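User: I'm new to reading protein models. Could you walk me through some features, one at a time?

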Amino acid sequence: MVWDATCMDTFAPSYSTIAAHQVGAVAQQAEDRKMQKYKHLDSCYFFTPVAIETSGVFGPKTTEFLKELGLRLRQVSGDPLHTLLRDSQLPSNVAMQLLCWEQLRWTVKSLAVKGEVFTALVHMEGLVSGERQLVESLNLYINQERKKLDELDRFVDSVKNSLEKSGDNPSQYLHHPVNVFQLLNRYYNGWMKLGDIVYKDNAKDLMANLSLQQYQFPSPEDYKGATVAIRRLQETYNLTTASIARGQVGTNGLNLTSRDCYLIGREAYLEEHWDHTRQWMLEALSQFNEEMDQGQLDVNLVYDHLAFAEYKLSNVKKAIYYTKMLLQNDPAFPRARTNLDYFTHILENEPEKYDMPQSNVTKRSQDPEHERYEQLCRQADPTPKGMHQKLICYYDDRSRNPRLILSPVKVEVLHVDPDLFMIRDLLTEGEMNRLKELASPKLARATARNAATGQFEPVEYRISKSGWLGPSDDPLGYITHIDQHIEDVTGLEMDTAEQLQVVNYGIGGHYEPHYDFARKGEDAFSSLGAGNRIATLLIYMSDVELGGATVFPLIGARVAPSKGDAAYWLNLKRSGEGDLRTRHAACPVLVGSKWVCNKWIHERGQEFRLPCGLSSDE
């Protein structure tokens, strides 16, 4: 199939009128003879049944076929829709219009959810396969253009050769009939057809592929989120720009180019993070001096940003130095001469203000809790004296629970008062894979509860995607089995618990210190009608190479992700009051992909399973 049309051409002049009638007419005429013919198309995601049924575009038989096909195609697959249709026997006009309809559907979806790629690694995996396809298209385009240029080179060489032989006496040259034939042949089959070669459009396939994949391209918010994540990792884990830029963090890291470093510094500059601007611009300079190909970056832009960052950090001597370096490279650079005069003036008139030593200008968080949080993310505290003998491991069959007698719970005590447990091997590999499979289509930007309104909304201090799963979402019964297992392990009622929340973290994904329960004066999940969150079960569904720990700043506890295991703690005291010591956070994921599953258990139904205390201090 040759992709020789665009969606704009297909749908012009109206998406909702002419296009629908055109697609409907073509599909309706062909549906009877194609129903069985296209049953083999089962290698890629297609329309959802709801989208097909409500579109009003296809005839009744085609609609039923596509609904059935869509159900079969919503399996794990890396094949894009255009590959499926290219390999099928659909007529090109029908296939192109199906592609356009799908692209329009995804475009509408992407307009509703912007900046969502960077918040979950699972949704970035498609970008890798998509880029692989784009590279193939680009290579094809480059090869076709090279063939075109080679053809033009050969023609030029033949003309030059003939002109050299003609010398200064063209009359004598034309006495020979072969020379005359060659001259006429070059004009008739060469110069007259040169336009066909020059104007040959080899970019159609490439542009069609780009158009088809644009719906999944990262947005400006994704790009900004990625640069912010780099800075967050740098601060949290005390990483140098050189270690990040030179692939020295974890495994499989690629080196950043000087231009990459400049762009990260440029984003920091736009957000007025002057210390990060300086660090990344200096790294850009270092990389630039080592690179063989220095055409990727205008080094004068680096000097310009460095000078301004140093000025904002009150290090004007450095600002003057970099501005002079800039003028040395380009005396006509805009602003440089004016900036140099200004920097010199303020240094002479206010030296005590603008001559600060470099070691005193780095800005760090002044929030003690945040500093404590970052400290625990980097390294666990030593176990307090006298605590070792309390940190034990044991098997528990929960008072001879029939389902646990032959397979008791493996419990490890991580902290005492408040009690923090790690339940080992809570879920099997198959159960975790099933949860990921069910949750992946549901993943959306994770939210946090607004203490004032009680509503859940996206926030910058929580970067991840989550999806909710209940028993009705799984006809195979995995979720029902998992809920029953959690009830057996915790001894608490699940009927009033929230659904399983599956979470995948993106680049630098984190969740800053927070409570799981509602504090006094906050809405205690009244919409659920089940009281406050009495307990949290946090199941780790992946190992994480670096970072991603769960930390409790107030008690100094740190839990590293361990696949299949679950951290468990009570959020409320026996009096029903919230235990403020359970304030916790998810550290940024440095290297790896972090999957977790939360189960929040509420007060209602626990009256006899976890009786209240008689004192407010309990």
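Predicted model: local features only at pLDDT ≥ 70, side-chain atom pairs only at ≥ 80, totals over all residues.

User: Sheets first, please. In what order do the strands of the open sheet sit?

Analyst: The general idea: strands of a sheet pair through backbone hydrogen bonds, and they do it either parallel or antiparallel. Here, nine strands form an open sheet in the order S1-S2-S3-S14-S10-S17-S8-S7-S4, and the pairing is antiparallel. The edges are S1 and S4 (444-445), each of which pairs on one side only.

User: How many bridges join S4 to S7?

Analyst: Two, with the strands running antiparallel. Look at alanine 444: its bridge partner in S7 is serine 466. While you're there, find helix H22 (residues 478-490), which packs on the sheet and touches several strands, including S7 and S8 (500-505). The direction of H22 makes about 100° with that of S8.

User: And S14, which strands is it joined to by bridges?

Analyst: S3 is joined to S14 by four bridges, and S10 is joined to S14 by five. Both pairs run antiparallel. For examples, isoleucine 423 has alanine 566 of S14 as its bridge partner, and alanine 535 has leucine 570 of S14. Four of the five residues of S14 are buried, so this strand is largely enclosed by the rest of the structure.

User: Now a helix. What span should H7 have, and what does the model show?

Analyst: You count 1.5 Å a residue, so the 42 residues of H7 (125-166) should span 62 Å. The end C-alpha atoms of H7 are 62 Å apart, which agrees. Buried residues in H7 include Leu134, Leu152, Phe155 and Val159. Just after H7 comes glycine 167, with a positive phi of about 60°.

User: Last one: is histidine 514 buried or exposed?

Analyst: The cut-off for buried is under 20% relative accessible area. Histidine 514, at 9%, therefore counts as buried. This residue lies in strand S9 (residues 511-514), and its side chain reaches the backbone oxygen of glutamate 512 at 2.8 Å. Leaving out residues up to four places away in sequence, histidine 514 touches Thr582, Arg583, His584 and Ala585.

User: And histidine 388, buried or exposed?

Analyst: Exposed means over 50%, and histidine 388 has 53%, so it is exposed. You'll find histidine 388 in the loop between helix H20 (368-378) and strand S1 (393-396). Its C-alpha atom is 9.7 Å from that of histidine 415, 27 residues apart along the chain.

How values were computed: Residues numbered from 1 in each chain as written. Heavy atoms only, no water. Buried < 20%, exposed > 50% of the residue type's maximum accessible area, 1.4 Å probe, protein only. Expected span 1.5 Å × (residues − 1). Polar contact = N/O pair within 3.5 Å; in protein donor to acceptor, adjacent residues only side chain to side chain. Contact = heavy atoms within 4.5 Å. Pairing = 2+ DSSP bridges. Axes fitted to C-alpha atoms, helices over the stretch in contact; angles between N-to-C directions.
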